[in-house]
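Please look through the structure shown here together with its sequence, and follow the report below from one region to the next. It takes the pockets, the parts of the chain around them and a few single residues in turn.

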Amino acid sequence: MASSRPLEHKLCLDEDGLVRRHRFAQDCAREAGKIARRYFRSEHPLPSLEKGRHDLVTQADLEIDHFLIEQITGAFPADGILTEETGGSPARHLWVIDPIDGTLNFTRDIAHFAVSIAFCVDGRTESGVVYDPVSDEMFTARRGQGALCNGQPMRIRATHGPADAVVDAGYSHRHPASAYVGLIRDLLADGYAFIQNGSAALGLAQVACGRIDAFCELSLKSWDVLAGLLLVEEAGGSASDFPIGLGQAQARRVLACTPAIRPALEELLQKAEAAMSGTD
Ligand code: IPD
Ligand code: CA
C-alpha cells in the first residue's frame, strides 16, 4: 500500500546511509579546503562584506558555501541543509555547515580557520567533520564510534584542575563586553590559562585532541559548533547539548571540556550568562 507520508519521513537511514554521508562529508571538506587555500594569503585582496562588527563574509566563504550545497544536493537530494551564509530550515536529515569558521583570522592571513560539516538525524549529530586546510588535519567523529584526527584516535587531555588547564574562551561583538570581561576575570582568578584563537570549530577540535582543555563561548550558532561538539564527546570529553528544538539558527552558550573541570567552568559560564542580561 502506498504511503501518504512526505518523502523525508520515508527516508530510512541505516548504517550504510550514515557511513556514506560521513565519508562524503570528508571528501567535501577536503575539496572545500582547496578553495580556501586558493584564496588564503593570496596576493589579490579578498573582497569581504561586514555582517556585523568584526563579523565578515568573504568571496571564499560564499564560494565554499555554494560548493557544499551543490555537492550535497547532488548526492543526497532529500536531505535538508543549513549553512552560515545561506541559511536553511530544520529537517529530519540535516547537514549543518560553516564554510569557513574563523573568517576574521582567514582575512588577516592567520592560519587558524576550518571547514565544519555536521550531519544530524532527528536533531542529533551523527557525523562531525572539521577540516583545517592549512595544517591538513581532518578531525572526524561518528556517534558512538570515537573520534579521529587524520585517521588516528583522539582523546581529550587528562586535566587535573585549573592550574593545569588552558581554556579557549571565544568572543564576538554579539556578547555584551561586560559579561565576557567578567568571565575572563573569573577564569584568570581561578588559575586557568586563557586563549582566544578565533575559531569555535577548531577550538573544539583542539579540545578533542588534547591540545587544550576547554572551549567555551557565551553565544554561538549551530554551524559553528555541532561538528566540534561531537568530536569532543566522542574523544571522551563533556560537551554541552545543542538541541534542535531551539531552532538551529538560534545562538546558545557552549562549553566543551575535560569532565574534571566541567562543573567549575559551567558555574563561571552561568554567572557570565546571567550578567548578559545586564548592561554592556
Ligand atoms: C566565529 C568563530 C569565532 C567565534 C565567533 C564566530 P565565523 O565564526 O567561530 O571563534 O568567537 O563567535 O562567529 O564568523 O568565523 O564563522
Ligand atoms: Ca562560524
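In this predicted model, strand β6 (124-132) and helix α7 each supply at least two residues of the lining of the second largest pocket. The largest share of that lining comes from α7, which gives four residues. The second largest pocket has a volume of about 220 Å³, and of the 15 residues that line it, those closest to its centre are Thr125, Arg143, Glu233, Asp241 and Phe242. Sorted by class, the lining of the second largest pocket holds seven nonpolar, four polar and four charged residues.

The contact between them takes 38 residues from domain 1 and 25 residues from domain 2.

The largest pocket also draws on both parts of the chain, since at least three residues of its lining come from each of domain 1 (5-153) and domain 2 (162-277). About 690 Å³ of space lies in the largest pocket, which is lined by 31 residues, and those nearest its centre are His54, Asp55, Tyr171, Ser172 and Arg174. The elements that give two or more residues to the lining of the largest pocket include the strands β1 (48-52), β2 (55-58), β4 (93-101) and β12 (214-220), together with α4 (103-107) and α7. The classes of its lining residues are nine nonpolar, eleven polar and eleven charged.

| Pocket | Volume |
|---|---|
| Largest pocket | about 690 Å³ |
| Second largest pocket | about 220 Å³ |

At 1.5 Å a residue, the 13 residues of α7 (residues 222-234) should span 18 Å, and the end C-alpha atoms of the helix are 18 Å apart, which agrees. Is α7 largely enclosed or largely exposed? Twelve of its 13 residues are buried, so α7 is largely enclosed by the rest of the structure. The buried residues of α7 are Ser222, Trp223, Asp224, Val225, Leu226, Ala227, Gly228, Leu229, Leu230, Leu231, Val232 and Glu234. Just after α7, Gly236 takes a positive phi of about 95 degrees.

Ser238 is found in strand β13 (residues 238-239). With a relative accessible area of 14%, Ser238 falls under the 20% limit and is therefore buried. Leaving out residues up to four places away in sequence, Ser238 touches Val232, Leu255, Ala256, Cys257, Pro259 and Arg262, and Val232 is itself one of the buried residues of α7.

Arg41, which is not a glycine, has a positive phi of about 55 degrees, and Arg41 is found in the loop between α2 (15-39) and β1. Asp136, likewise not a glycine, has a positive phi of about 55 degrees and is found in the loop between β6 and β7 (137-142). With a relative accessible area of 37%, Asp136 is partly exposed.

Which residues does Ser48 contact, leaving aside its neighbours within four places in sequence? Ser48 is in contact with Val57 and Thr58. Although Ser48 and Thr58 are ten residues apart in sequence, their C-alpha atoms are 4.1 Å apart in space.

Methods. Residues are numbered from 1 along each chain as its sequence is written. Chains are lettered from A and ligands numbered from 1 in the order in which they are written. This is a predicted model: local features need pLDDT of at least 70, side-chain atom pairs count only at pLDDT 80 or more; totals for chains, interfaces and linings use all residues. Side-chain values use heavy atoms; hydrogens and water are left out. The expected span of a helix is 1.5 Å times one less than its number of residues. Buried means under 20% relative accessible area, exposed over 50%, partly exposed in between (1.4 Å probe, protein chains only). On a 1 Å grid over the protein atoms alone, a cavity is a set of points where a 1.4 Å probe fits but cannot get out, and a pocket is an open set with protein on both sides within 12 Å along at least five of seven lines; lining residues have an atom within 4 Å of a point. Grid points are joined across faces, edges and corners, and a volume is the space filled by probe spheres set on the points. Ala, Val, Leu, Ile, Met, Phe, Trp, Tyr, Cys and Pro count as nonpolar, Asp, Glu, Lys and Arg as charged, and the others, Gly among them, as polar. Domain bounds come from an automatic or database domain assignment. Contact means heavy atoms within 4.5 Å.
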